[in-house]
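Visitor: I would like to go through a structure with you, starting with where its chains touch. Please show it first.

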Amino acid sequence: MKKRWYDYIWVFSLTYLILGFFNILFAWLGLLCFFIPLIISVSRGTKGYCNRYCGRGQLFALLGGRFGLSRRRDIPGWMKSKGFRYGFLAFFLVMFFLMLWNTCLVFAGARDLKQVVTLLWTLKLPWHWAYHGTLFHPGVAQFAFGFYSVMLTSTVLGLITMLLFKPRSWCVYCPMGTMTQLICKAKNRET
Amino acid sequence: MEPRIRIRRSAFVDAASCVACGCCVKVCPLGAISVFRGVAANVDPKKCVGCGKCARECPASVIVIQEAQA
């Protein structure tokens with residue numbers, strides 16, 4: 001099948017992950033992965049982002065498919081159940097708002113900037129080498145550390161399920177995918 | 001004489017469990033599958049020949065290849 005320009009968005013996803021090791025402020029670019037799917041689903045009522053433009057999904061398809069880094073087994077039933085998908089979305093949102101709260105505390109001066117990336121919501125990895133000071137408020141950097149933690153955690157989870165199950169198993173429980181599907185369902189109920 | 005029944009294979013999607021990721025759409029060589037309004041994948045039975053590529057690719061394994069009466 002003929003490749004289109006959007007079949008190469010995985011390059012941006014990979015670059016994004018690499019840039020976070022050199023300058024954490026690039027983490028802000030990850031907001032595109034949050035806003036674009038929401039805008040598409042709200043405005044057009046489709047999952048166009050998942051279907052075409054998700055660089056992360058493409059990266060998993062490439063690693064697990066072409067590079068063969070996947071066992072290609074069926075994902076367990078509980079992982080594709082609505083309870084798990086909606087529960088994971090809720091958990092993800094709670095952790096996301098906690099991260100925003102911590103950012104607010106740094107902006108308010110109630111807490112110092114922590115130059116750590118929290119992997120899987122528990123492992124605090126020193127990440128000071130990627131912060132070189134900024135003209136902006138430390139809160140800007142705190143959001144970058146927090147947001148990169150979210151992005152790295154979801155990538156690691158996606159890589160684990162890619163290895164264990166099918167390449168794009170992450171898509172089954174991806175919080176953005178679940179959220180945009182809920183928006184599409186709600187929009188289609190309206191019409 | 002009994003009429004001849006042509007049996008052909010086709011993909012069937014469990015729409016209730018489909019996550020509408022679109023992985024199936026990308027691999028279908030005949031363009032027989034699409035994601036309808038971001039809710040679930042939809043197979044065009046006139047185009048589908050039941051090759052099974054979508055079923056192999058589906059990360060949620062909600063597509064099955066079954067015999068369909070033509």
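Visitor: How many salt bridges are counted between chain B and chain A?
Guide: This is a predicted model, so local features need pLDDT of at least 70, side-chain atom pairs count only at pLDDT 80 or more, and totals for chains, interfaces and linings use all residues. Residues are numbered from 1 along each chain as written, chains are lettered from A in the order written, and side-chain values use heavy atoms, without hydrogens and water. A salt bridge needs a side-chain nitrogen of Lys or Arg within 4 Å of a carboxyl oxygen of Asp or Glu. Between chain B and chain A the count is one.

Visitor: Which side chains meet in that salt bridge?
Guide: The N to O distance is 4.0 Å. The partners are B:Glu57 and A:Arg72.

Visitor: What area is buried between chain B and chain A?
Guide: Buried area is the accessible area (1.4 Å probe) that two parts lose on being put together, summed over both. Carbon and sulfur atoms give 46% of it here. The total is about 1,900 Å².

Visitor: Which residues of chain B lose the most area to chain A?
Guide: Three residues together make up 31% of what the chain B side buries. They are B:Val19, B:Lys26 and B:Arg37.

Visitor: What is the volume of the largest pocket?
Guide: On a 1 Å grid over the protein atoms alone, a pocket is an open set of points where a 1.4 Å probe fits, with protein on both sides within 12 Å along at least five of seven lines; lining residues have an atom within 4 Å of a point. Points are joined across faces, edges and corners, and a volume is the space filled by probe spheres set on them. The lining has 33 residues, with A:Asp7, A:Asn51, B:Val25, B:Lys26 and B:Val27 nearest the centre. The volume is about 1,200 Å³.

Visitor: Which residues lie nearest the centre of the second largest pocket?
Guide: This pocket has a volume of about 910 Å³. Its lining takes in 42 residues. Nearest the centre are A:Gly30, A:Leu32, A:Cys33, A:Tyr49 and A:Met151.
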